[in-house]
Amino acid sequence: MMKKGVFLLALALALTFALGGCRRSAPPAAVEAAPPSPQAVAAAFQKGGCGACHIIPGIPTAIGTIGPDLSRMGEAATTILTAKSYTGKAKTVAAFVRESILEPDVFLSTQCPGGICPKGLMTPALAKSLSDQELNGIVRYLASLPGKSLTAPAQAVTTTVMTAPTLSDAEFASIKQIFFDRCAGCHGTLRKGATGPALTPDKTQPKGTAALAAIIFHGTPRGMPDWGKQGVLTQAQAETMARFLQNEPPVPPEMSLAQMKETWKVFAAPDKRPVAPQHTRDWEDFFAVTLRDAGQVAIIDGDTFEVLNKVDTGYAVHISRMSATGRYVYVIGRDGRATIIDLWLAKPDKVAEVKTCYDARSIESSKYKGPEGDFSDKYAIIGCYWPPHFVILDGLTLEPFKIVSTRSYTYDTEEYHPEPRVAAIVASHFKPEWIVNVKETGQVWLVNYTDPKAPSIKMLEAERFLHDGGWDATRRYFLVAANQANKVAVIDAQESKLIALVETPKTPHPGRGANWVDPQYGPVWSTAHLGEGALVAIGTDPAGHPGQAWKVVRTIPLPGGGSLFVKSHPNSPWIWVDHSLNSDEKIQRTICVVEKADPTKTARCWEVADYGRAVHFEYNREGTQVWVSVWGRADQPGKTGEIVIYDDESLKEVARVPNLVTPTGKFNVYNTVKDLY
Ligand code: DHE
């Protein structure tokens, strides 16, 4: 049942406003007699931005879930007014609705997605745009629900405000960059939607500037970060972004091979590199650690925890992958700059770099060695978000030589998509093949690199919005999250076909997942989820456990959603899981372990630090220690971040690698070569 209060979050992100020095207070007069037209009411809702946070029947764009669903507001108000718990002053339903808009904190609704709506969730910003008449129209309509319906509201919405607000050239340039840095990953450069919803003008203009700014600033329970509350965007920047989003997205340029080659630099040619390691360290136990906001990768010795070098790389490095021998680390920046680091140098350092896209997330090496040839360290592949293509490069020098566009047709409706981005790429151990996941079209491409200038590609139909994934323990099956579809697609790399689509809880996000043997169900692969506090185990042994294969056989509850990564190791008794994107600050820095021997519950959960977010795990080569990143803020000295290292048997802290700038992903050489997770 709806209580009251923070009802019209977006609208009343509004109604405590100063007007000529006066504050409009509730309840003023009864609702005026002459009802405004349905079109005027629909336009008022739109103008107030109410739909960004609420579901309102009859308003097609009002599908927000930050605040309560208002579909039965009048009915709920009747009940609340007679309840002892009601703390407001209203005596009538209309006065109650008005009060909940103008003084939302007088009585807090219990109907926000997380339960009771927090105080201050509604702010006065939006109501400034509404006249008394518009407010009265809104009150009258909400008080009548359920029952009354607005007629032809869509026309009202579309005819009144479908014009894009303007931005100055300077505003446009700076907000375009912020969009690229913070938003394009989820919404797409052309804003056609993927992990986040589409943000094309037909979708954004009906919401309006105030409502969009509120979402950008406050986030949503469905995963949109609260950029304002995190201190990443100011209120003014959120408002500028809201205006930017109502304009057509600028189309970034393409990139030719000649342009890529202009950026290509070889710092040490292959014949000038050492023929044996120039140090006595166990380089197979080195870790490549992303220092996200520093634009660097730290090479850290897994035995001594010494930082051997901080190598300048592309901006906000996303992942590192190893060459088949493990000697080279391939690094990809969000800005599409790839770097190759030679671990045999006395001080590990970069030996080549190139930029093959403006926006990228994946890189991989050729790992096959067998009857069809030895491709160890021979080629690399980069998957780009923009331009939407992948590029094949020389594995020792990063010289790019083949570009393949991923622009094509969605797997299900066969509609052309201009921006199908390359998500995860993995290298098969048994075939000279890369498995390339094309996000927006939902296709998995099996790219054979025996003749990389003329690669053969088998296109499998899977599911839309493919994101990240990893191998099962045998490395025959590749499991990849189609995160917005709440599914995991399973590819049989030996038979080159899709064999299952497994239903999961909301928004699976495995990283590469975790392989372990369940005491009841045999070999399984695990993922956690962004949208739900749940760790699932999916059966991966069709020969030994056919009844469990490609089904969720176990769901283990976690303290909350927002999980990004899980990890395990064949020698470990645990599965580790983070909650980095949970909206609760304590849960953000809480990690949990589940015991393989008793996987019915989490065995232990604890906070890793008193600041930042705990994110991503990696084991040392032996599987005896686990590294966790504390992802701090680059602009907060002393709290920029660190790595915490735990003993995997006792779960006791072993060491900290302090003063790192925003460490995120960590990649152990041996485990990454062997795909151990
Ligand atoms: Fe990632 C993996 C995309 C946000 C850290 N991330 C991946 C992969 C993809 C991807 C496609 C798989 C690569 C592969 O295996 O080849 N990530 C995206 C996004 O599009 C998204 C949602 C938004 C964005 O704008 O980038 C996103 N990712 C993040 C983050 O915010 C993280 C935590 C920090 C950051 O870099 O900004 C982050 N992603 C990582 C890490 C991996 C990763 C550490 C590798 C996990 C592994 O163990 O292999």
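Biologist: Which residues in α7 meet α10, and which ones in α10 do they meet?
Modeller: Keep in mind that this is a predicted model. In α7 the residues are Glu-171, Phe-172, Ile-175, Lys-176, Ile-178, Phe-179 and Cys-183, and they meet Gln-237, Thr-240, Met-241, Arg-243, Phe-244 and Leu-245 in α10.

Biologist: What kinds of residues are those, nonpolar, polar or charged?
Modeller: The contact of α7 with α10 has eight nonpolar residues, two polar ones and three charged ones.

Biologist: And how do the two helices sit relative to each other?
Modeller: Helix α7 covers residues 169-187, and its axis and that of α10 come within 10 Å, crossing at roughly 90°. Angles of 65 to 115 degrees count as roughly perpendicular, so that is the word for α7 and α10.

Biologist: Which other helix has an axis that comes within 8 Å of the α10 axis?
Modeller: That's helix α9, residues 208-218, which crosses α10 (residues 235-245) at roughly 125°. With that angle, α9 is oblique to α10. The crossing of these two is right-handed.

Biologist: Which side chains or backbones touch there, I mean which residues of α9 and α10 meet?
Modeller: From α9 there are Thr-209, Leu-212, Ala-213, Ile-216 and Phe-217. Their partners in α10 are Gln-235, Ala-238, Glu-239, Met-241, Ala-242, Arg-243 and Leu-245. Eight residues of this contact are nonpolar, two are polar and two are charged.

Biologist: Let's switch to the core. Which residues touch the most other members of the largest nonpolar core?
Modeller: Ile-299, Ile-341, Ile-382 and Leu-398 do, in a core of 39 residues. Strand β8, residues 328-333, gives the largest share of this core, with five residues. Apart from it there is another core, of 28 residues, including Cys-50, Ile-80, Leu-102 and Leu-150.

Biologist: What does Ile-341 touch?
Modeller: Leaving out residues up to four places away in sequence, Ile-341 touches Val-297, Ile-299, Val-311, Arg-327, Tyr-328, Val-329, Val-331, Pro-348, Asp-349 and Lys-350.

Biologist: Which residue with a positive phi of about 45° is not a glycine either?
Modeller: Thr-662 is the residue with that phi. You'll find Thr-662 in the loop between β38 (653-657) and β39 (663-668), and at 0% relative accessibility Thr-662 is buried.

Biologist: What about glycines, which one takes a positive phi just after α2?
Modeller: Gly-49 does, with a phi of about 75°. Helix α2 itself spans residues 38-48, and its buried residues are Val-41, Ala-42, Ala-43, Ala-44, Phe-45, Gln-46 and Gly-48.

Biologist: Last topic, distances. How far apart in space are Glu-103 and Val-524?
Modeller: They are 52 Å apart, C-alpha to C-alpha, and 421 residues apart in sequence. Glu-103 is in the loop between α4 (93-102) and α5. Buried means under 20% relative accessible area, so Glu-103, at 17%, counts as buried.

Key. Residues are numbered from 1 along each chain as its sequence is written. This is a predicted model: local features need pLDDT of at least 70, side-chain atom pairs count only at pLDDT 80 or more; totals for chains, interfaces and linings use all residues. Side-chain values use heavy atoms; hydrogens and water are left out. A nonpolar core is a set of buried Ala, Val, Leu, Ile, Met, Phe, Trp, Tyr and Cys residues joined through side-chain atoms within 4.5 Å. Buried means under 20% relative accessible area, exposed over 50%, partly exposed in between (1.4 Å probe, protein chains only). Helices (H or I, at least four residues) and strands (E, at least two) are DSSP runs, numbered from the N terminus. Contact means heavy atoms within 4.5 Å. Axes are lines fitted to C-alpha atoms, for helices over the stretch in contact, and angles run from 0 to 180 degrees between N-to-C directions. Angles under 35 degrees count as roughly parallel, over 145 as roughly antiparallel, 65 to 115 as roughly perpendicular and the rest as oblique. A crossing is left-handed if the near helix is turned anticlockwise from the far one by less than a right angle, and right-handed if clockwise. Ala, Val, Leu, Ile, Met, Phe, Trp, Tyr, Cys and Pro count as nonpolar, Asp, Glu, Lys and Arg as charged, and the others, Gly among them, as polar.
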